[in-house]
Amino acid sequence: MTDSNGNMYYQICNNYQLGNFGILPIHGGINPKRAADPYFDFFDAFLLSVYAFYNEDVSFEGELANAIKSRKDYFQQFDSAEDFVNRNMLTEYFYNQEDNEIGTYDDLTYFSKMKSFEEYVQAVTTIITRRGKYIWNILAGPEQAEDLKVPSNENAESPKVDIPAATAYFRDKYTLEHKLAEKIAKVAYFQDS
């Protein structure tokens with residue numbers, strides 16, 4: 001992409017993946033504040049701010065801190081930062097690679113400290129995919145999630161979702177319009193890649 005000054009920059013669009021969705025209050029401006037300097041939309045920086053809020057860290061100040069504090073009513077529905085993370089299904093951000101399981105606060109993935117855009121994209125994609133599968137299993141239940149096997153192209157070197165067949169599958173199974181079924185098939189293809 002090119003910014004208004006003609007400078008090139010990288011951008012990824014993962015807006016259509018279930019694992020990338022979150023619910024935060026609109027009023028109070030939390031999202032715009034976490035996208036601004038010094039957070040630059042790094043989700044680890046936001047999660048650290050949430051931990052600072054719940055732990056009543058006196059050094060927690062600035063525009064994002066004020067936005068979070070202005071929505072105290074929203075954040076008070078959670079008992080702690082850990083409860084916020086668990087109930088918002090954000091545990092995948094705390095994945096312990098060594099134990100291959102969800103870890104603790106110390107296991108937070110630090111996107112803001114990654115050295116390359118490629119490393120960042122890989123880490124984000126992995127977390128969003130794992131979180132999407134986790135959310136899907138909760139929403140659909142294990143029986144329905146298991147039932148959501150889509151047709152794959154058996155002739156390919158590595159099995160990949162066959163987008164036209166998967167589109168027809170989703171369209172018929174869930175009575176969806178063609179365009180929506182095709183988008184879901186493409187997400188399945190991406191997650192299978």
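Is Glu92 buried or exposed? In this predicted model, in which local features need pLDDT of at least 70 and side-chain atom pairs count only at pLDDT 80 or more, totals for chains, interfaces and linings use all residues. Residues are numbered from 1 along each chain as its sequence is written, and side-chain values use heavy atoms, with hydrogens and water left out. Glu92 is buried, with a relative accessible area of 8%, where buried means under 20% relative accessible area, exposed over 50%, and partly exposed in between (1.4 Å probe, protein chains only).

The side chain of Glu92 meets that of Arg130 in a salt bridge, at 2.7 Å from N to O; a salt bridge is defined as a side-chain nitrogen of Lys or Arg within 4 Å of a carboxyl oxygen of Asp or Glu. This pair links distant parts of the chain, since Arg130 lies in helix 6 (residues 117-147) and Glu92 in the loop between helix 5 (81-87) and strand 1 (95-96), 38 residues apart. Helices (H or I, at least four residues) and strands (E, at least two) are DSSP runs numbered from the N terminus. Arg130 is partly exposed, with a relative accessible area of 22%.

The structure holds four salt bridges, among them one in which the side chains of Arg71 and Asp73 meet at 3.1 Å, N to O. Arg71 counts as buried at 17% relative accessibility, whereas Asp73, with a relative accessible area of 49%, is partly exposed. Another salt bridge joins Asp172 to Arg171, with the closest N and O atoms 3.8 Å apart. Here Asp172 is exposed, its relative accessible area being 57%, while Arg171 is partly exposed at 30%.

Helix packing was also examined. Helix 2 (residues 43-54) packs against helix 3 (residues 63-70) at an angle of about 60 degrees, with the axes 11 Å apart; axes are lines fitted to C-alpha atoms, for helices over the stretch in contact, and angles run from 0 to 180 degrees between N-to-C directions. That angle makes helix 2 oblique to helix 3, because angles under 35 degrees count as roughly parallel, over 145 as roughly antiparallel, 65 to 115 as roughly perpendicular and the rest as oblique. On the helix 2 side, Phe46, Ser49 and Phe53 meet Leu64, Ile68 and Lys69 of helix 3, contact being taken as heavy atoms within 4.5 Å. By class, this contact has four nonpolar, one polar and one charged residues, where Ala, Val, Leu, Ile, Met, Phe, Trp, Tyr, Cys and Pro count as nonpolar, Asp, Glu, Lys and Arg as charged, and the others, Gly among them, as polar.
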